Amino acid sequence: MEKSKSPVYDVIAVPIEKVVANEYNPNVVAPPEMKLLELSIWEDGYTMPCVCYYREDDDRYELVDGYHRYLVMKTSERIYQRENGLLPVSIIRKDLSERMASTIRHNRARGTHSVELMSHIVTELTKSGMSDSWIMRNIGMDKDELLRLKQISGLAALFADRTFSLSEDWTEEEPED
């Protein structure tokens, strides 16, 4: 039996120009925390690699985790210079739905999320055929949160395969005159 090896053991230095952001990251970092992240990277260096998916078709590395660390190198001249424009990256090989779930798992452990972007991710995962149980299991969500995000998205298609009914104890009130 072959043992699996964690991607962190194969960190590579990638020119920042070859790294691109994904279109689905819902993590939000306020300006004071971005300044602190830049200071942290300046003082301590990059202590965690960014996680990317390698796109062979255009020879680019698409971020799965580490967008803000990437952004620091893109916006901080002193860090770009010190690092010679090279970003530490570990590679994962997963399809888009799995990468989206991976982004959420990485982010939920440490950050806050935009509700609008989270509902967009739920929409995309649902459209790509992922079941509610898959979404809940893979991005650490309970039924209520998933339902709220589907409701926020406003897409009836997200409920197309569900039957809804009123509870047994529900009664319609008589209109007041």
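## Start at Leu125

Select Leu125 and show its neighbours: leaving out residues up to four places away in sequence, Leu125 touches Ser97, Met100, Met130, Trp134, Ile135 and Ile139. Keep in mind that this is a predicted model.

Now widen the selection. Leu125 belongs to the largest nonpolar core, which has 18 residues. Along with Ile121, Ile135, Ile139, Met141 and Leu146, Leu125 touches the most other members. As a rule, nonpolar side chains in soluble globular proteins tend to be buried together.

## On to α7

Select residues 143-153, which make up helix α7. Which of its residues are buried? They are Glu145, Leu146, Leu149 and Lys150. Look down the axis of α7: the buried residues fall within an arc of 135 degrees, so they line one face of the helix. Turn to the face pointing away from that buried side and you'll find the exposed residues Lys143 and Asp144.

Next, click on Asp142, which caps the N-terminal end of α7. One of its side-chain oxygens sits 3.2 Å from the backbone nitrogen of Asp144.

## Zoom out

Finally, show the whole chain as a cartoon. Of the chain's 177 residues, 37% count as buried.

Terms used
Residues numbered from 1 in each chain as written. Predicted model: local features only at pLDDT ≥ 70, side-chain atom pairs only at ≥ 80, totals over all residues. Heavy atoms only, no water. Buried < 20%, exposed > 50% of the residue type's maximum accessible area, 1.4 Å probe, protein only. Helix = DSSP H or I, 4+ residues; strand = E, 2+ residues; numbered from the N terminus. Arc of directions from axis to C-beta. Polar contact = N/O pair within 3.5 Å; in protein donor to acceptor, adjacent residues only side chain to side chain. Core = buried A, V, L, I, M, F, W, Y, C linked by side-chain atoms within 4.5 Å. Contact = heavy atoms within 4.5 Å.
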